[in-house]
Amino acid sequence: MSTSDAPASDFESWIVREFAATGEFTALVILVDTGTAKVTPLCSTYFNVIGDEITWGEIVVMFAGSGADWDGAAFFPTTASQGGPLDNPTARVRLRELEARVDDDRLVLNEGHFFDKWGRRMRIDEVTQ
């Protein structure tokens, strides 16, 4: 039997690359419901990333606490002006600003790192009718 250290999801590959490039950061996150032709923001949160060991399974468990029936999550890595994670008051303000931008234009989700409920990369496209 062999074991592998290969990431199990697109998310895990991303978090390793992001942490290597950025160091510690705050992840602003928006959970969404993706319908056939509509994306609905459900809730948001933030958390500090201080290493690259987190798995998609751990993220799913953390988001289960939201009570939301989500099927997409957009992560926006953000650092303080001097580097490192944001302090809590600043993170709350930045998250509210991000929520307002997403409320105005759902395509803002593509500016972050957008994953489906299995940790696979995704994006949304504008629907023309």
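**Close-up 1. Arg96 and Glu99 sit about one helical turn apart in helix α3.** Three residues separate them along α3, which means a spacing of about one turn. This is a predicted model. Arg96 and Glu99 form a salt bridge, with the closest N and O atoms 2.8 Å apart. Arg96 is partly exposed, at 47% relative accessible area. Glu99 is also partly exposed, at 21%. The structure holds four salt bridges.

**Close-up 2. A salt bridge joins Glu111 to Arg101.** The N to O distance is 2.6 Å. Glu111 lies in the loop between α3 and β4, and Arg101 in helix α3, so the pair ties together parts 10 residues apart in sequence. Glu111 counts as exposed, at 52% relative accessibility. Arg101 is partly exposed, at 40%.

**Close-up 3. Asp116 pairs with Arg120 in a salt bridge.** Their closest N and O atoms are 2.7 Å apart. Asp116 is buried, with a relative accessible area of 8%. Arg120 is partly exposed, at 44%.

**Close-up 4. Strand β4 (residues 113–116) is covered on both faces.** His113 and Phe115 are buried on one side. Phe114 and Asp116 are buried on the other. Strand β3 (residues 72–78) runs antiparallel to β4, and four bridges join the two. Within this pairing, Ala74 stands opposite Phe114.

**Close-up 5. Acidic residues form a negative surface patch.** Its members are Asp103, Asp104, Asp105 and Glu126. Asp103 belongs to helix α3 (residues 88–104).

Technical notes. Residues numbered from 1 in each chain as written. Predicted model: local features only at pLDDT ≥ 70, side-chain atom pairs only at ≥ 80, totals over all residues. Heavy atoms only, no water. Patch = residues over 30% accessible without salt bridge, like charges linked within 9 Å, V, L, I, M, F, W, Y side chains within 5 Å. Areas by Shrake-Rupley, 256 points an atom, 1.4 Å probe, with all protein chains shown as cover. Salt bridge = Lys/Arg side-chain N within 4 Å of Asp/Glu carboxyl O. Lys, Arg positive; Asp, Glu negative; His and termini not counted. Charge placed at Lys NZ, Arg CZ, Asp CG, Glu CD. Buried < 20%, exposed > 50% of the residue type's maximum accessible area, 1.4 Å probe, protein only. Pairing = 2+ DSSP bridges.
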